[in-house]
Amino acid sequence: MIRINQLSYRYSRRKEILSGLDLELASGKIYGLLGKNGAGKSTLIRNIAGTLFPSQGSCHVLGYEPKRRQIDFLKELFFVPEECFLPNLSISKFIDIYTPYYPRFDKKQYQVYLREFAIDPRQHLQALSFGQKKKVMIGFALAANTRLLIMDEPTNGLDIPSKVLFRNMITEASHPDKLVLITSHQVRDLDELITDLIIMDHGEVLLHETKEDLTHRLLFQATDTPSEDSGVLYQEKQAHGWAQILKNPMGLSSQMDMELLFNAMLNSRTTINSALLTQP
Amino acid sequence: MNWSSIRLLITRQLKEHMRVYLISLALLAGLLSFMFLLIHNWRDSFTGAVENGVFLIGLFLSGGMFTNSMFKELSNKPEGIWLLNTPATSLEKVFSAVLLSSVVFLAIYLGVFFLVDALYLSLTAQSGNLLGIFSNGFHEFIFLYLIFNGLVLLGRASFMKYSFLKTMVLIIGVVILLNTFNNFTLEYMIPDLSVTSSMPFSSFQFRHSGENIHVLLPSSTRAAFMPFLWILLPLALWGITWLKIKEKEI
């Protein structure tokens with residue numbers, strides 16, 4: 001669904017944000033895009049959404065070139081930016097004005113989302129708090145039923161119960177024809193949600209694997225003491241002991257610690273990648 | 001271009017800014033009434049076509065501000081992304097903005113102006129007529145408004161912050177530059193002439209034996225030149241605005 005070839009993006013001659021990225025993302029999946037501040041996540045998703053144009057290379061989404069912003073492409077895309085904008089309207093007027101743009105928009109589905117988020121549809125959008133605006137936008141984005149849904153830091157501003165609701169909504173809205181791409185600093189928010197993980201740093205993709213493959217090839221465990229064992233690929237001290245990533249030749253099952261894997265990729269990228277390559 | 005998409009874009013623009021537009025409409029009527037009141041109270045101090053002056057001040061002031069409300073989303077990132085990702089083509093977005101800020105605005109402005117003008121004439125029991133848009137070539141200012149509209153829209157698409165102020169400074173700068181260049185060229189071409197005023201692409205005035213002599217372009221040249229100025233120039237400016245919006249990155 002998304003094919004990115006040797007994509008580079010420069011803000012100026014000196015400042016290169018993305019360099020020679022290659023990515024292929026398929027529909028029916030929920031991708032988590034992780035990276036530190038300034039890693040290039042937002043620049044990448046804005047290139048996919050067509051609000052930034054590649055300096056070099058190509059980006060194709062659903063067969064369209066996003067930079068051309070063709071109407072059929074825009075009807076299949078919903079992009080929720082980190083700081084989302086909502087116009088100066090009541091929720092009901094907002095629905096009346098914007099739903100005709102999305103051919104598969106489901107008003108009943110949207111009403112359910114609003115009810116679950118405890119938002120009164122009679123309210124005015126400008127009277128809502130930041131978190132409530134985010135909920136209105138997330139609900140709208142899901143009810144639009146576009147084939148590509150991009151969310152930049154969607155859980156920022158959501159309270160804990162809403163984060164749980166958000167995860168459930170995304171899971172329920174997933175569909176074989178739909179691709180969801182979510183970026184987040186808050187790694188734990190995506191833990192149970194995503195099917196595939198992409199880790200970026202300094203404009204490069206450090207890791208792009210399915211969660212299933214990662215848990216099959218890596219073993220995540222917690223111990224009281226650090227280990228000198230050669231099977232330990234990465235370990236770090238945590239509040240109640242040590243968290244480790246080990247090779248998993250036996251294919252044992254474990255709960256993936258995304259935060260630990262993220263830190264491991266930033267600090268011991270070569271070790272993790274060679275372990276992933278050498279294991280079946 | 002899809003007409004239902006244009007209808008949606010116009011509805012969106014009007015509904016999102018309805019309150020501001022209604023307040024501005026009342027303000028416009030108040031401003032025009034105030035200017036007519038000033039004229040009436042100091043009628044001995046004002047001579048000439050003062051009604052025309054009121055019309056032009058109102059037209060360019062309110063028209064500039066209204067046009068500047070088109071694409072206002074481009075002045076900040078989240079709103080800009082929202083506008084660019086709204087499912088409509090760039091051409092439809094620009095076309096609907098032009099339609100609103102030129103045709104719809106002009107129709108409403110003319111309505112409000114003549115209403116205030118008629119009220120003024122009836123309340124002051126004056127014998128004069130309503131402003132004649134088509135007398136003495138005054139309608140040419142309507143075309144001038146279209147050029148101004150194109151410039152303001154182009155400014156909106158080009159400058160992210162303070163677009164209206166920047167566009168006004170540029171317009172004033174270009175007008176001063178053109179005028180200076182025009183005067184300089186006239187003095188260079190006809191050194192013995194004492195030119196008192198000039199209008200680029202149109203006319204100049206000089207003094208000869210104590211009399212002011214006004215020189216206009218020959219009517220045939222003017223007839224050939226005017227369609228370019230009044231029609232092709234606004235079209236070109238709207239076209240460049242379209243290209244700017246099409247290539248806009250946020």
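**Domains, core and a helix: questions on a predicted model**

Reader: What makes chain A a chain with domains?

Author: The domain assignment of chain A gives domain 1, residues 2–202, and domain 2, residues 210–278. Keep in mind that this model is predicted. The C-alpha centres of domain 1 and domain 2 of chain A lie 30 Å apart.

Reader: How many residues from each domain of chain A does the contact take?

Author: The contact takes 11 residues from domain 1 of chain A and eight residues from domain 2 of chain A. A pair counts as in contact if the C-beta atoms lie within 7 Å. On the domain 1 side, helix H7 (187–190) and strand E8 (196–201) of chain A are the elements that give two or more residues. The largest share of that side, four residues, comes from E8(A). By kind, the domain 1 side divides into six nonpolar, one polar and four charged residues.

Reader: Which residues have the most contacts inside the largest nonpolar core?

Author: They are A:Ile150, A:Ile182 and A:Ile245, in a core of 109 residues. The largest share of this core, eight residues, comes from helix H6 (residues 140–158) of chain B.

Reader: How do you know that this core lies between domain 1 and domain 2 of chain A?

Author: Domain 1 (2–202) and domain 2 (210–278) of chain A both give residues to this core, so it lies between them.

Reader: What is A:Ile182 in contact with, leaving aside its neighbours within four places in sequence?

Author: Its partners include A:Ile30, A:Tyr31, A:Leu33, A:Met151 and A:Leu190.

Reader: How do you know that the length of helix H1 of chain B agrees with what a helix should span?

Author: Helix H1 of chain B (residues 3–16) has 14 residues, which at 1.5 Å a residue should span 20 Å; its end C-alpha atoms are 20 Å apart, so the values agree.

Reader: Why are the buried residues of H1(B) said to be on the same side?

Author: In H1(B), the buried residues are B:Ser5, B:Leu8, B:Leu9, B:Arg12 and B:Gln13. They cover an arc of only 130 degrees around the axis, which puts them on the same side of H1(B).

Reader: What does the face of H1(B) turned away from its buried side carry, and what do the buried residues pack against?

Author: That face carries the exposed residues B:Trp3, B:Ser4 and B:Arg7. The buried residues of H1(B) pack against H3 of chain A together with helix H5 (90–123) of chain B.

Terms used: Residues are numbered from 1 along each chain as its sequence is written. Chains are lettered from A and ligands numbered from 1 in the order in which they are written. This is a predicted model: local features need pLDDT of at least 70, side-chain atom pairs count only at pLDDT 80 or more; totals for chains, interfaces and linings use all residues. Domain bounds come from an automatic or database domain assignment. Two residues are in contact if their C-beta atoms, placed from the backbone, lie within 7 Å. Ala, Val, Leu, Ile, Met, Phe, Trp, Tyr, Cys and Pro count as nonpolar, Asp, Glu, Lys and Arg as charged, and the others, Gly among them, as polar. A nonpolar core is a set of buried Ala, Val, Leu, Ile, Met, Phe, Trp, Tyr and Cys residues joined through C-beta atoms within 7 Å. A residue is buried if 20 or more other C-beta atoms lie within 10 Å of its own, exposed if 12 or fewer, and partly exposed in between; C-beta atoms are placed from the backbone. The expected span of a helix is 1.5 Å times one less than its number of residues. The arc is that of the directions from the helix axis to the C-beta atoms.
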